[in-house]
Amino acid sequence: MSPTRLFRTVALAEAVTWAGLLTGMFLKYVTETTELGVRVFGMLHGVVFIAYCLTTVVVAVDRRWSAARTAVGLLSAIPPFATVWFDRHVESRGALGSSWRLLGEEPARTSERPVAWLLRNPLRGALAAVVAVAALTGVALLVGPPAG
């Protein structure tokens with residue numbers, strides 16, 4: 001899977017889960033009919049939010065994004081649907097690419113070594129990604145929801 005396809009898929013999933021969470025919040029707080037949407041989409045959105053942030057870091061390291069571009073990418077996960085805008089923005093500037101740079105190049109920076117390992121060992125890399133998302137989700141659950 002190319003950086004463009006991976007990034008677009010996770011950015012879109014983040015936006016879709018935002019839509020589900022907003023719908024759930026409408027049902028809970030405006031119509032006062034059910035909390036189910038918030039429970040389901042709150043957790044789902046949290047997991048996809050973490051996956052988006054990790055994907056952003058992996059793509060940023062591989063494509064050698066600036067710290068500012070990486071920060072904007074990470075921050076775009078906070079407002080609803082901004083990940084879709086950011087995806088289009090970076091693609092229009094040629095910042096995604098059709099192939100992974102670190103599959104053909106040796107890592108030149110310390111931050112590139114783990115990303116190169118993830119990309120060169122796809123099954124282990126996918127497992128590491130799942131474990132990282134699960135661990136970070138666990139930490140987020142321990143800390144509690146953003147509103148308290």
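Guide: Let's start with what counts as a helix here: a DSSP run of H or I with at least four residues, while a strand is an E run of at least two, and both are numbered from the N terminus.

Visitor: What should I know about the model itself?

Guide: It's a predicted model, where local features need pLDDT of at least 70, side-chain atom pairs count only at pLDDT 80 or more, and totals for chains, interfaces and linings use all residues. Residues are numbered from 1 along each chain as its sequence is written, and side-chain values use heavy atoms, with hydrogens and water left out.

Visitor: How many helices and strands are there in the protein?

Guide: Seven helices and zero strands. Reading along the sequence gives α-α-α-α-α-α-α. The C-alpha trace spans about 55 × 30 × 25 Å along its principal axes.

Visitor: Why is Arg-101 called buried?

Guide: Buried means under 20% relative accessible area, exposed means over 50%, and partly exposed is in between (1.4 Å probe, protein chains only). Arg-101 has 14%, so it goes in the buried class. You'll find Arg-101 in helix H5, residues 101–104. Across the protein, buried residues make up 32% of the 148 residues.

Visitor: Which other residues does Arg-101 contact?

Guide: Contact means heavy atoms within 4.5 Å. Setting aside neighbours within four places in sequence, Arg-101 contacts Val-61, Asp-62, Arg-63, Arg-64 and Glu-112.

Visitor: Arg-64 is on that list. What makes its phi worth a look?

Guide: Its phi is near 55°, a positive value in a residue other than glycine. Arg-64 lies in the loop between H2 and helix H3 (67–75). At 37% relative accessibility, it falls between 20% and 50%, so it counts as partly exposed.

Visitor: And Glu-32: buried or exposed?

Guide: Exposed, because its 65% is over the 50% mark. Glu-32 sits in the loop between helix H1 (3–30) and H2. It has a positive phi too, about 50°, although it is not a glycine.

Visitor: How do you know that the buried residues of H4 are on the same side?

Guide: First, who they are: in H4 (residues 82–92), the buried ones are Ala-82, Thr-83, Phe-86, Asp-87 and Val-90. They cover an arc of only 140° around the axis, which puts them on the same side of H4. The arc is that of the directions from the helix axis to the C-beta atoms. These buried residues pack against H1, H2 and H3, while the face turned away carries exposed Arg-88 and Ser-92.

Visitor: Which residues of helix H6 are buried?

Guide: In H6 (residues 112–120) they are Glu-112, Val-115, Ala-116 and Leu-119. Their arc is only 100° around the axis, which puts them on the same side of H6. What covers them includes helix H2 (36–63), H5 and helix H7 (122–143).

Visitor: Why does Pro-107 count as partly exposed?

Guide: Its relative accessibility is 22%, which is not under the 20% needed for buried and not over 50%, so partly exposed it is. Pro-107 lies in the loop between H5 and H6. Not counting residues up to four places away in sequence, it touches Leu-102, Glu-112, Arg-113, Ala-116 and Arg-120.

Visitor: One more: why is Thr-55 called buried?

Guide: At 10%, Thr-55 is under the 20% limit, so it counts as buried. It lies in helix H2. Leaving out neighbours within four places in sequence, its contacts are Leu-6, Phe-7 and Val-10.
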